[in-house]
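These are my notebook entries on a structure that I went through element by element.

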Amino acid sequence: MNTPLPNPIRPAFTESSREGTVIVNIGPSHPATHGTIQIVAELEGERVLRTDVHCGYLHRGFEKECESHTWHNLIPYVDRLNYCSALINDFAYCEAVEKLMGIEITPRCRYLRTLLAEYSRIADHLTCIAAALMEMGAMTAFLYLVTIRDYIYEHLADLTGARVTYSYGRIGGLAHDLPEGWLKRLGEILDQMDTFTGRVHGLVDRNRIFIDRMRNVGVISTAEAVNWGFTGPILRSTGVPRDLRKDTPYLAYAELDFEVPVGIKGDNYDRYYVRMREIDESAHMVRQLAEMLPAGPLCVDDRRCTFPDKELVYTEIESLINHFKLVMDGPQVPPGEVYSAHEGANGELGFYIVSVGGGVPWKVHCRSPSFVHMGGVHRMLDGYQLADIVPTFGSVNMIGGECDR
Amino acid sequence: MSDTVFTPIREHLAGTVLEATLEHGILALLIESSRLAEVVGALKERFGFDLFLDVTAVDWPLREPRFDVVWHFYSTRDFVRVRVKTRVPLAEPVVDTLVPLYGSARYMERECHDMYGIAFRGNEDLRPILLYEGFEGHPLRKDYPKQKEQPLVPYRK
């Protein structure tokens, strides 16, 4: 006979607030909570009175681990924060370190990072919408979207060697340049995606079942959203065009033509629609960037962070030592602290890093949108039906990797 | 752009903050921990810093006071960020809570309490969030060994 396991959480409430209610536990072992979120809910019939949201089941000590790796060696960990759009994490982290080192990346790198960030955003939004639709039983729409996502994953694997966690960013540049024919295939995938997202629009946008589940469910106002720290598509779904790509332009966004789609009232339907429109805008940006991509070097010419050519490492003592020092000691980052944020697929993805000089960070802190969103998601769950938790939670797009770190 | 926003803040808070510097485009304010509510209140009500981004701490084991507690705020009106920093000693790692001003502070203060043992006066709900009930110590403190294990469920032999 096994002894019962200790409870890892202490719910905020264990007693009914009034007669006739029942307290239930949802997750973490539940597909709709992505396997990592636990919700303790008080129900009156089918109505949710209050919820207590717990996270942390996927905590793996990201920040602690970073403190014993060189600035370069922790890039694979950064990848595993938001594993649906790992490249955005890479670039946000690299930019934070570059700011501290005073490095300005090359034009080709800047445009290519922007292109890949938008491409990743498409993959992330496709994942979110596909999963949310599947949870409501829309299997066809799910397959359409995930088919395109798989094309994107395969296409990124051609470039980086991996489908999901790419480790492609480098401080001061990128791992390597585009393979031949990559941009041609990019155009084909985007064209096919337009067809497939068009079909999804046709299947669900005016579908009565879909509207009943999404419209006026999980509503949040702009003031509430700001108070609870919501950023990204959730904040935009409440009707304000707050987007770091427009507001504090970084990378090459200032030179691009794009719109910031917004919703009407901040419900599930708006969050779905904002993401679908953002896919269109991102595709529009990727097409522009593929045209604009300048020739030239990919990595900065800075011996503090960029690895010398392999040929030189084998033939020249300075480059050999340079290579050795970069591997063993890591890039030398001057003392200081910096907070740098990118518009991740889910909202403001910030890195606060502290250096005391040398090759290993003193502190790397990630301000992950999913964690902040979990702090406020009860505002979208309380007062609706038990069954509404599933689509509402799906529309928030909680990513366990970055939520629990 | 950021100067027009930051200059009035510097002027308004001149006597209140210990230091005000511009670091990589962010206005960094070093304050006494007792003036937190006053400074952040002014930032929010007067200067429009309506988005609470983050609270975390930095551990300096050889320094007294040992911890930096660091907040970041963003203004959705002016699109700039401000960093507020204060120092607290190991003997009394306590600062005021910002939950009355920002709802999102609730979760992030719990995380900071988890990881560094910083207590937030006025926040009654500092239950573990990324860690679990009964976890001993604060893993992001520099004196917490990285390899230390505290399995909730005993390992199989």
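Entry 1. I looked up the bridge partner of Ile353(A) and found Val364(A), which lies in β8(A). Strands count as paired here if DSSP finds at least two bridges between them. Strand β7 (residues 348–355) of chain A pairs with β8(A) over five bridges, in the antiparallel sense. Helices (H or I, at least four residues) and strands (E, at least two) are DSSP runs, numbered from the N terminus. I then noted the whole sheet: it is open, has three strands in the order β6-β7-β8 of chain A, and is paired antiparallel. At its edges I found β6 (336–343) and β8 (363–367) of chain A, each of which pairs on one side only. From one strand to the next, the twist averages 15°. Helix α3 (residues 86–101) of chain A packs on this sheet and touches β6 and β7 of chain A. The direction of this helix makes about 150° with that of β6(A). Such angles run from 0 to 180 degrees between N-to-C directions, with axes as lines fitted to C-alpha atoms, for helices over the stretch in contact. Two residues are in contact if their C-beta atoms, placed from the backbone, lie within 7 Å.

**Entry 2. Provenance.** I recorded that this is a predicted model, in which local features need pLDDT of at least 70 and side-chain atom pairs count only at pLDDT 80 or more, while totals for chains, interfaces and linings use all residues. Residues are numbered from 1 along each chain as its sequence is written, and chains are lettered from A and ligands numbered from 1 in the order in which they are written.

**Entry 3. Chain A overall.** I counted 17 helices and eight strands in chain A. Its C-alpha atoms fill a box of roughly 80 × 50 × 45 Å along the principal axes. The radius of gyration of chain A is 22 Å, which agrees with the value near 22 Å for a compact globule of 405 residues. That radius is taken over C-alpha atoms, and the globule rule is 2.2 Å times the number of residues to the power 0.38. Of the 405 residues, 53% count as buried. Buried means 20 or more other C-beta atoms within 10 Å of the residue's own, exposed means 12 or fewer, and partly exposed lies in between, with C-beta atoms placed from the backbone. Among the contacts of chain A with a separation of 6 or more, 71% join residues 24 or more positions apart.

**Entry 4. The nonpolar core.** Which residues touch the most other members of the largest nonpolar core? I found Val97(A), Ile353(A), Met374(A), Leu29(B) and Phe73(B), in a core of 159 residues. Such a core is a set of buried Ala, Val, Leu, Ile, Met, Phe, Trp, Tyr and Cys residues joined through C-beta atoms within 7 Å. Helix α4 (residues 107–135) of chain A gives the most to this core, with 15 residues. For Phe73(B), I left aside neighbours within four places in sequence; its contacts include Leu43(B), Phe49(B), Phe52(B) and Arg81(B).

**Entry 5. Strands of chain B.** Leu29(B) is the bridge partner of Ala20(B) and lies in β2(B). Strand β1 (residues 19–23) of chain B and β2(B) run antiparallel, joined by five bridges. They form a hairpin with two residues between them. Five of the six residues of strand β2 (residues 26–31) of chain B are buried. On β5(B), five bridges join β2(B) in a parallel run, and Ile31(B) has Thr86(B) as its partner there.

**Entry 6. Backbone exceptions.** Where does Leu251(A) lie? I located Leu251(A) in the loop between α10 (244–247) and α11 (268–292) of chain A. Leu251(A) has a positive phi of about 40° although it is not a glycine, and it is buried, with 22 other C-beta atoms within 10 Å. His24(B), in the loop between β1 and β2 of chain B, has a phi near 50°. His24(B) counts as partly exposed, with 16 C-beta neighbours inside 10 Å. The peptide bond from Glu64(B) to Pro65(B) is cis, with omega near -5°.
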